[in-house]
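Q: Please take a close look at one part of this model and describe what surrounds it. Give the cut-offs behind each term as you go.

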Amino acid sequence: MSTVVLTGRPGATTHRAVEVLAALPPELRLIGGLAVMCRVGMPHRATVDLDAITRGLTEHDPTIAHLAVTASGGGQYTFADELELDVIDVAPLGAAELAEQWLAAGPLTDLELNAIGHTWAHDAADPLDLVVVSDEDGSRLAAASARLVASPGGLVVMKATTVPLRASAKPEKRSSDLYDLARLLVRTEGIGAELQAAPPPLRAAVLERLDRWFVDPAGQDRTYRDLRRFDDPPVDLAEVADAVVELR
């Protein structure tokens, strides 16, 4: 099992997030900013919340709620120091069955593709040992062993199916998803092989969107404008475009 070492300040977000993660039910799969950080390595954009997916949230809710300071329902929890956890409950069916079932009723909607993507990512997650060390003196701050984390391909699928659902009132969410996608595409390996194993309608939709955002000249221009707020580390869109082309 691989070990991921993250750095952070004592008592700051990364320290607290991994500390909380270690206490959560092991069935939860880590997604979101911390998962991307684990997969692409440091540095990466800061993340302030924990995001996870699971199957059968109602079974795990009492345990999570007992650990949390508040539990407002719908998979939303708040821990000490205002650290928030959002848990998405995926479908009981596998992604391929889900796609087949919904396709029988007509073309897949963006919302259905997103649900299929999260279900597929849930089942493709694999375990990592997470360790946080102090960026001040290198001392060990927190650890979460054998935590299931969304794979690079799973993160790409979830983000590619989430971007079209982002409200126009929150353009920063679209921008951060595109930035994460760009970093995953150039900093991780095996995404193409992972996508080959995805349900064909999901794979086709993801590849079409990646082409539109990172390869098509007009789409690439818009993506460049979206990513200007993220400059540490910067993204080379030509490099991202090459990575997308290699996925076909």
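A: In this predicted model, the buried residues of helix α10 pack against α7 (171–187), α9 (200–214) and α11 (237–247). Contact here means heavy atoms within 4.5 Å, and helices are DSSP runs of H or I with at least four residues, strands runs of E with at least two, numbered from the N terminus. Helix α10 covers residues 217–227, and its buried residues are Gly219, Thr223, Asp226 and Leu227. They line one face of the helix because, seen down the axis of α10, they fall within an arc of 85 degrees; the arc is taken over directions from the helix axis to the C-beta atoms. Pro217, Ala218 and Tyr224 are exposed on the other side of α10. Buried is under 20% relative accessible area, exposed over 50%, and partly exposed in between, with a 1.4 Å probe and protein chains only.

At the start of α10, the backbone nitrogen of Ala218 has a side-chain oxygen of Asp216 within 3.2 Å. A polar contact is a pair of N or O atoms within 3.5 Å; within protein, one must be able to donate a hydrogen and the other to accept it, and residues adjacent in sequence count only if both atoms are side-chain atoms.

For scale, the C-alpha atoms of Arg222 and Asp126 are separated by 34 Å, at 96 residues apart along the chain.

Residues are numbered from 1 along each chain as its sequence is written, and side-chain values use heavy atoms, leaving out hydrogens and water. Local features need pLDDT of at least 70 and side-chain atom pairs 80 or more, while totals for chains, interfaces and linings use all residues.
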